[in-house]
Amino acid sequence: MTKDFEITKDMTISSVLKLDEGMSDVFIGFGMFCIFCHLSENETIAEACKVHDIDSDFLVTKLNSTYQKLAKKKK
């Protein structure tokens with residue numbers, strides 16, 4: 001991924017998890033155990049947030065922050 005890469009709420013949960021398995025901790029921290037559900041393959045972050053009554057912008061901010069930290073560790 002490039003330096004300017006950003007996770008968006010239109011991305012599926014599974015696509016975010018494929019970036020780095022450590023991203024699952026963010027979803028679990030928000031009580032979103034949907035990462036273990038087969039629906040995560042097609043469900044967007046925005047859709048999951050609506051179901052779980054979570055602010056999608058806040059979650060996306062946390063996901064991007066975590067992704068950047070994980071990417072730095074891999075360098």
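The structure examined here is a predicted model. Within this model, the side chain of aspartate 57 meets that of lysine 9 in a salt bridge, with a distance of 3.0 Å from N to O. The pair links distant parts of the chain, since lysine 9 lies in the segment before H1 and aspartate 57 in helix H4, 48 residues apart. Lysine 9 is likewise described as partly exposed, with a relative accessible area of 32%. In general, side chains of opposite charge can pair when their charged atoms come close. The structure holds 1 salt bridge.

The segment before H1 also contains threonine 12. The side chain of threonine 12 forms a polar contact with the side chain of serine 14, at 3.3 Å. When residues up to four places away in sequence are set aside, threonine 12 touches Ser40, Glu41, Asn42, Glu43 and Thr44.

Helix H3 spans residues 45-52, and its buried residues are Ile45, Ala48 and Cys49. Viewed down the axis of H3, these buried residues fall within an arc of 100°, and they therefore line one face of the helix. An α-helix has 3.6 residues a turn, so residues three or four places apart point the same way. On the other side of H3, Lys50 and Val51 are exposed. After H3 comes aspartate 53, whose phi is positive, near 55°.

The cysteines were considered next. Cysteine 49, one of the buried residues of H3, has a relative accessibility of 2% and therefore counts as buried, the limit for that class being under 20%. Cysteine 37 has a relative accessibility of 27% and for this reason counts as partly exposed. The structure holds 0 disulfides.

Definitions and conventions: Residues are numbered from 1 along each chain as its sequence is written. This is a predicted model: local features need pLDDT of at least 70, side-chain atom pairs count only at pLDDT 80 or more; totals for chains, interfaces and linings use all residues. Side-chain values use heavy atoms; hydrogens and water are left out. Buried means under 20% relative accessible area, exposed over 50%, partly exposed in between (1.4 Å probe, protein chains only). Helices (H or I, at least four residues) and strands (E, at least two) are DSSP runs, numbered from the N terminus. The arc is that of the directions from the helix axis to the C-beta atoms. A disulfide is a pair of cysteine sulfur atoms within 2.5 Å. A salt bridge is a side-chain nitrogen of Lys or Arg within 4 Å of a carboxyl oxygen of Asp or Glu. A polar contact is a pair of N or O atoms within 3.5 Å; within protein, one must be able to donate a hydrogen and the other to accept it, and residues adjacent in sequence count only if both atoms are side-chain atoms. Contact means heavy atoms within 4.5 Å.
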